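Student: I'm new to this structure and would like to get to know it. Could you walk me through it?

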Amino acid sequence: MRVATIGDNCLDVYMEQDRLTVGGNALNVAVNWSRSGLAARYFGVVGHDDAASAIRTVVARTGLDPSDIGTLPGATGVTLIRLVGNDRKFLHEEFGVGLDWIPGDDILDELASYDWVHTAGVHSDADLTTRLIARGHRVSVDLSTYHDFDRLTGVEIAFASWDGRLDSGAHDLAARMTDAGAGTAIVMCGAHGSLARSGTDTTTTKAHPITPIDTCGAGDSFIASYVESHFRGNKVQISLVQATASATKTCTHLGGFEQAPQAVPDWVKTDYYPFVADTTAPAQDAQL
């Protein structure tokens, strides 16, 4: 199975814990695939700054090829995070050069022989999924960051997050996604479980009852696992169970995938001083 993701990357900065990890929706999915033994690639962009160097260094240790990451003038994405009861609260999100990036045909040409392409995060290429589908790719998309329901026709699996229980709101969201053209809609509700809708059939599963260290990236691990299970022909219920297990594991460590967290460098504290200065609460009980 040859898989690829196109989309965002960033530095996740845990201010009170004085720790920094590498993440981003699309990058997290690709790392999960690579570490599960799949032939995976990640395509995105970084800026000309210290953050870019940190991302390339970590990516090189994951089994992905850092040369697939382009460089554009400007800043790399940075997310400042506060852990509140071991759940993430975003203090600030700087999407960086990836926000205005439109992947060229040269990148899509690189993916000609790939079995699956996943798109995630924020970017300016509203037609990316349409372009991929026109080239014959099986495609999944994560709508958790941007809710674009206009281009889901032909998308095999669409994922979204719902901040709450598996109630009518989550079911309505799934129905909107399938009505918009997605073959299967997955709504991830964190500790409340998840649901999958295909046509008029809906399947749900419960989350594992754990006390998380950090929920950052759990949804991305869910996505990577679900797509792989689905591709291998497993039934929806089995895929949901496997994806839930993968998301649960991600909640047991800091960051979107297992890595060695770094100390927050001085340039972060300087460049983002207004947000850093706001972290006056005591450090949370996160295991590092």
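Tutor: Happy to, and please keep in mind that this is a predicted model. Let's begin with helix 1, residues 25-35.

Student: How many of the 11 residues of helix 1 are buried?

Tutor: A residue counts as buried when its relative accessible area is under 20%. Those that qualify in helix 1 include Asn25, Leu27, Val31 and Trp33. Helix 1 is largely enclosed by the rest of the structure, because the number of its 11 residues that are buried is 10.

Student: Is Leu11 buried or exposed?

Tutor: You will find Leu11 in strand 2, residues 10-14. Leaving aside neighbours within four places in sequence, its contacts include Leu20, Val22, Ala51, Ile55, Val78 and Trp267. Its relative accessibility is 0%, so Leu11 counts as buried.

Student: How far apart in space are Leu11 and Ala30?

Tutor: Ala30 is one of the buried residues of helix 1, while Leu11 belongs to strand 2. In sequence the two are 19 residues apart. From C-alpha to C-alpha, the distance is 16 Å.

Student: Which residue in strand 10 stands opposite Ser140?

Tutor: Strand 10 covers residues 157-161 and is parallel to strand 9, with 3 bridges between them. Opposite Ser140, the residue in strand 10 is Ile157.

Student: How many disulfides does the structure hold?

Tutor: For a disulfide, two cysteine sulfur atoms must lie within 2.5 Å. The sulfur of Cys10 has its closest cysteine sulfur in Cys216, 7.1 Å away, and is therefore too far for a bond. Likewise, the sulfur of Cys189 is too far for a bond, because its closest cysteine sulfur, in Cys251, is 14 Å away. The number of disulfides in the structure is 0.

Student: What is the relative accessibility of Cys189?

Tutor: Cys10, at 9% relative accessibility, counts as buried. Cys189 also counts as buried, and its relative accessibility is 4%.

Student: Now for the whole chain. What is its radius of gyration?

Tutor: The chain has 9 helices and 13 strands, and its C-alpha atoms fill a box of roughly 50 × 45 × 35 Å along the principal axes. A compact globule with 288 residues would have a radius of gyration near 19 Å. The chain agrees with that, at 18 Å.

Student: Among contacts with a separation of 6 or more, what share comes from residues 24 or more positions apart?

Tutor: Buried residues make up 52% of the 288 residues in the chain. As for the contacts you ask about, residues 24 or more positions apart account for 66%.

Note on methods: Residues numbered from 1 in each chain as written. Predicted model: local features only at pLDDT ≥ 70, side-chain atom pairs only at ≥ 80, totals over all residues. Heavy atoms only, no water. Pairing = 2+ DSSP bridges. Helix = DSSP H or I, 4+ residues; strand = E, 2+ residues; numbered from the N terminus. Buried < 20%, exposed > 50% of the residue type's maximum accessible area, 1.4 Å probe, protein only. Rg over C-alpha atoms; globule rule 2.2 N^0.38 Å. Contact = heavy atoms within 4.5 Å.
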